[in-house]
Each structure stands twice: as C-alpha cells, then as structure tokens.
Amino acid sequence: MIETVFRCDDLPVADRFDYWREQMTHLIAPMEMSSEHTRDFEGEARVLELGAAHVWPTKFRPMRFRRTPKLIRQSDPELYHFSFLQRGNLQVSQGRRETAYGHDGLYVVDTSRPYDCVAYGDSPIGVGLEIPKALIPLPYDRIDPLLARPIPGHEGIGALLAGFLTRLASDNGMYRPSDGPRLGTVLIDLAASLLAHAVEAEDVLPPETHRHTLILRVQNFIRRNLHDPQLTPAAVAAAHHISVSYLHRLFRAQDTTVSGWIRQQRLDRVRRDLADPGLSAVPLHQLAARRGFAHPAVFSRTFRAAYGIPPSDYRQLELRARVPDAPPSRPAPAALAPPPR
C-alpha cells in the first residue's frame, strides 16, 4: 500500500503550523484552520492509501478546522469523512446538528457541506477514514440525518469499523501492493454497512457487502471466544443465525476453513503468551486452556505440528532471547513454519 507520513516536529517552530495547514489542505480539502498553539504546534499524520479509501492516523495539538461554502466551491473531493477518536475531545457541527465527542467517539461528515470541528483536550489522537461518496450505495438523503451524529464505536458494526481502523493505524506489518485495494474494499463495505444499519436500510446494500461484513463479524466473535473449548463451526453458525454450510462457504472464500482459522488464532495467542515474560510462571496447560485447548497432550501435538518445536522449548527460547543470562535450552529448528490453515 502507499503510505505518506508528515510531521511538524522536524521543522522550525515558527513554520510548523503553516506546514500542517498546507499539508492538510493538499491531502484532504481546503479548510480554514486555527489554533492557540501556532507558536508551539505539534502534529503528525500518516496517510494510508488503500485503493479508493484513505486511512488517517493523526495526533496534533488542539485546533479548529472549518469547511466553508466558499472553500467548497473552490474544491470539493466529494468524500464521506469518518473519524474515530482515541484520545481528546471534539465538537463537531454540520447542518443543524452539533455534537460533542469523547474517547471512542465515531462520527461522519460530508465534505460537500460546510462543517466546523474543534479539537481540544490533551493532544487529540484519532484515525480518520475517507471514502468517495459515489462508492457508498445509499442515497444521500438517507445518510444526511447521520452527519455529525454520534455513532456507537464500542458495539456492533461500529466496533468492527473502529477496531479495523485502530489495527491499521498501529500495525507496522509488511503488506504487498495488492493488499491495499483489498483492505480498502473491506473498509468501504464496513462503512456502508454501518450507515445502512444506522438508517435501517440494509436491504439496499449489495450481497457482497453483506458477506464481507458478516465474515468480519464472525472472525471478531471467534477472537472473543477462543477460551471456549466448545467453539465449533456449529456454535459459530448458531450465534450468527446462519447455516453451518453457509459458514463454511464464507471461509472457503477466505482460502481457509472454519476449524483451521480457529486453530490458527488459538495457536497465535498461545505463542504470544509463551513469549511473554510476565506469564513465565504460568504452567503450559493453563496457558493452553485459556485459549481453548482443553487437553494438554492435544495442545502439545498441535503446537509441535505447526511450529516444529515443543511449546516448552519455544518458551525457553523466547524468554532466553529477552533475558540473555537465562540458562541455555535445547536448540530449535532454524525456522518456524507458519501454522497450517
């Protein structure tokens, strides 16, 4: 994916706010910006281009930014701008609505209409998402009541979107160029589903959007219930009111199986636990049980089959790497294979 990073801290203090204003105007849209911290402004933003969708992890000093009718006539990218606030406070107004947001607040504004946003508090941090309006399969008049209105970011589809944005913002993993458009498609489907759910218009969404949203809901449910040894495909399907056969079709489209995906998630969690020095005194069978492996022998065989090394040896290797004076352990294979799907 294409990533652009700009920050003010490397510039002379007197130039920082002007630079921030120029970059935001160039990369988003013309806006009036002001701040009481122009003499000591600090700001940093990353722009992740995921096909048609752009994700904006940002942090900055308190400020105000406005889209006026004059600026809209000057330039209008015709976007819906979603924001998920992780720290600080916002006061957002568009149309006749004005709403205050705090931690975990989620909202959407339309760049084609005037809006006013004041960010205040302790160095606001958030993640923005911009999507061309033409890609949201809902009539403008159905979305209009949602502008600058609080959207729950801690439950339902709002939590899925907020979680996805947060993970993209914090994930420094390697992505292939082809991953960007795919991730963008998922974000657009989630945003469309969130808006449709909020206005009770799910019936107008295309089937593919429903499928993408459902698979994300299922995966999120699995992650939250890995501790349950009875987490089977049948249990997952029942929790989402779908048939087991349809659940299997969803995962085949992801090039894996339901059971394989559950097993991989459990192994990944246990693997991280084994490498955590804070859990070094917890017996192996307890770590495994926390992630849904009810039988220690089955866990050991599964772990060794996935990584080519017993879990006890893996723990010793990881802890020794973090504590150089730890006693040596048996050597492990040169490379650990990824868990099977």
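## Leu 187 and the main core

In this predicted model, Leu 187 touches Leu 50, Val 55, Leu 129, Ile 131, Leu 161, Phe 164, Leu 165 and Leu 168, leaving out residues up to four places away in sequence. Touching, or contact, means heavy atoms within 4.5 Å. Leu 187 is among the residues with the most contacts inside the largest nonpolar core, which has 54 residues. Such a core is a set of buried Ala, Val, Leu, Ile, Met, Phe, Trp, Tyr and Cys residues joined through side-chain atoms within 4.5 Å. Buried means under 20% relative accessible area, with a 1.4 Å probe and protein chains only.

Helix α5 (residues 179–198) gives this core its largest share, 10 residues. Helices are DSSP runs of H or I, at least four residues; strands are runs of E, at least two; both are numbered from the N terminus. A second, separate core has 26 residues, including Cys 8 and Phe 65.

## Strand β6 and its partners

Strand β6 (residues 79–94) has 12 of its 16 residues buried. Strands pair if DSSP finds at least two bridges between them. β6 pairs antiparallel with β9 (residues 115–132) over 14 bridges. There, Asn 89 stands opposite Tyr 120.

β6 also runs antiparallel to β7 (residues 97–101), joined by five bridges. These two strands form a hairpin with two residues between them, and Gly 95 in the turn has a positive phi of about 65°.

## Basis of the model

Residues are numbered from 1 along each chain as its sequence is written. In this predicted model, local features need pLDDT of at least 70, side-chain atom pairs count only at pLDDT 80 or more, and totals for chains, interfaces and linings use all residues, while side-chain values use heavy atoms, without hydrogens and water.

Technical notes:
Buried < 20%, exposed > 50% of the residue type's maximum accessible area, 1.4 Å probe, protein only.
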